[in-house]
Structures are given as C-alpha cells and as structure tokens.
Amino acid sequence: MTVPPTTTQECDADLIESSLLDPEAFAALFDRYSAMLFRYVSRRLGPEAAEDVVGETFLAAFSKRRRYDLAHRDARPWLFGIATKLVARHHRTEAARYRALRRSPVDGPVEGPADRVAAGVTASAARPALAAALAGLPRRDLDVLLLVAWGDLAYEEVARALGIPVGTVRSRLNRARRKVRAALGGTNPLQADPMAEEA
C-alpha cells in the first residue's frame with residue numbers, strides 16, 4: 001500500500017490550497033503521483049494511452065481544485081477517481097487490450113531464481129483467462145477491483161475515489177473476485193495474488 005505524504009513534506013490538501021494563489025504549487029502533486037497513476041492506467045489501457053489519460057487527469061484535477069475538500073489530506077483517491085472516470089471513456093481501448101491479452105501467446109520462463117520463474121510461468125499461463133474474466137466484469141465491479149489490485153487503494157479510498165459507500169465497495173469487490181476466481185477454475189494462480197480474498 002502506498003503511504004500518503006509524511007509530515008516532513010507538505011500534505012496534498014495544503015498543496016492544493018497553496019495552488020489557489022500560486023498555480024505552480026500544483027506541480028508537486030504531479031511529481032508525487034504521476035508515476036503511480038501511469039502504472040494504473042497503463043495496466044488498464046496500455047502505455048500508449050496512459051500518458052494522455054494521466055495528463056488529462058491532472059488537467060481535470062487542476063481545473064477542479066477549488067472544489068477539493070481540504071479535510072481530505074491525501075489527494076490520491078481523488079486523482080484515482082478522476083483517472084478511473086477518464087479510463088471509462090476509453091472502454092473500447094480497454095476491452096481491446098483484454099481481448100489481445102487473451103489471444104497473446106504465453107511467454108516462456110525467464111532466467112532467475114526458481115520460485116520467481118515458477119510464479120512467472122503460472123501467472124503467464126493464467127493471463128488469457130484473467131483477461132477474459134476482466135473483460136466480462138461490469139464496469140462498476142471492474143473499477144473497484146482494479147483500484148484495489150492495481151491502484152493499491154484501501155476500501156475507504158476506493159469509496160472516496162468513486163463516490164460510493166464503503167459497503168458498496170466491499171460487495172462489488174466480493175462479486176468481482178468471485179467471478180475472476182470462477183474464470184480461473186476456482187484456483188489462485190499466485191500465492192500473493194492482489195485479487196485474492198483477504199485472510
């Protein structure tokens with residue numbers, strides 16, 4: 001899980017508030033979160049579209065910064081919420097990406113420690129089924145699942161990002177996990193699968 005800014009650096013809400021008088025202060029949020037958002041969007045849409053979506057995310061956030069609730073010290077859920085809404089506009093690109101992953105050949109093992117190679121082979125073998133399962137999820141369930149699994153957000157942060165109650169996050173996540181698990185034959189291909197139910 002990504003840790004919000006420490007007390008030694010200015011918190012996100014303070015940066016946003018400062019940017020109301022000094023717009024350049026907002027650039028610190030870009031520096032802090034752009035790589036994290038790029039990884040999340042890239043996994044959903046591919047690296048080609050991710051750069052544009054991340055740029056659009058920060059443009060939208062900058063234009064909406066006056067409405068940001070400064071009581072929320074961590075802006076990460078807000079930024080992920082904006083990015084997720086923008087990803088939804090690219091749903092055809094995302095669906096095509098999952099179709100391509102489903103059809104792509106399974107990569108062979110790579111050099112390295114035996115456990116890492118075995119885990120990589122297992123994950124690669126599960127990739128087509130996982131892509132098919134993700135492509136078959138309703139958008140609302142997919143967004144919750146991927147914000148937790150790829151965005152590394154806690155349930156409360158996902159609720160803030162999507163503007164839904166925490167209970168709804170839990171039920172959507174549970175439903176998505178069940179469907180993905182069923183698509184993978186009821187097994188967990190990785191011991192540390194981020195989509196596996198918490199113990």
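Analyst: Happy to! Phe26 is buried, at 4% relative accessibility. Buried here means under 20% relative accessible area, exposed over 50%, and partly exposed in between, with a 1.4 Å probe and protein chains only.

User: Before we go on, what kind of model is this?

Analyst: This is a predicted model, where local features need pLDDT of at least 70, side-chain atom pairs count only at pLDDT 80 or more, and totals for chains, interfaces and linings use all residues. Residues are numbered from 1 along each chain as its sequence is written, and side-chain values use heavy atoms, with hydrogens and water left out.

User: Thanks. How many aromatic pairs does the structure hold?

Analyst: There are four aromatic pairs. Rings of Phe, Tyr and Trp (its six-membered ring) pair if their centres lie within 6.5 Å; planes under 30 degrees apart are stacked, over 60 edge-to-face, and the rest tilted. One of the pairs is Phe26 with Phe62, edge-to-face at 5.4 Å centre to centre and 80° between the planes. This pair links distant parts of the chain, 36 residues apart: Phe26 is in the loop between H1 and H2, while Phe62 is in helix H3.

User: And is Phe62 buried or partly exposed?

Analyst: Phe62 is partly exposed, with a relative accessible area of 30%. The charged end of Arg65 also sits over the Phe62 ring, 3.8 Å from its centre. The criterion is NZ of Lys or CZ of Arg within 6 Å of the ring centre and within 35 degrees of the ring normal.

User: Nice. Which ring does Phe58 pair with?

Analyst: Phe58 pairs with Phe30, edge-to-face, at 5.0 Å centre to centre and 70° between the planes. Phe30 lies in helix H2 and Phe58 in helix H3, so this pair ties together parts 28 residues apart in sequence. Phe58 is buried at 7% relative accessible area, whereas Phe30 is partly exposed at 39%.

User: Let's zoom out. How many helices and strands are there?

Analyst: The protein chain has nine helices and zero strands. These are DSSP runs numbered from the N terminus: helices are H or I with at least four residues, strands E with at least two. Of the chain's 199 residues, 40% count as buried.

User: What about the largest nonpolar core? Which members touch the most others?

Analyst: Leu37, Val41, Phe58, Trp78 and Leu134 do, out of 50 residues. A nonpolar core is a set of buried Ala, Val, Leu, Ile, Met, Phe, Trp, Tyr and Cys residues joined through side-chain atoms within 4.5 Å. Elements giving two or more residues to this core include helix H2 (27–45), helix H3 (47–64) and helix H6 (114–136).

User: What does Val41 contact?

Analyst: Leaving aside neighbours within four places in sequence, Val41 is in contact with Gly46, Ala50, Val53, Val54, Ala83 and Val87. Contact means heavy atoms within 4.5 Å.

User: Which residues of H1 are buried?

Analyst: Asp12, Ala13, Leu15, Ile16 and Ser19 are the buried residues of H1. They fall within an arc of 160° seen down the axis of H1, so they line one face of the helix. That arc is taken over the directions from the helix axis to the C-beta atoms. Their cover includes H2 and H4.

User: Last one: where is Asp152, and what is its phi?

Analyst: Asp152 is in the loop between H7 and H8. Although not a glycine, Asp152 has a positive phi of about 60°. At 26% relative accessibility, Asp152 is partly exposed.
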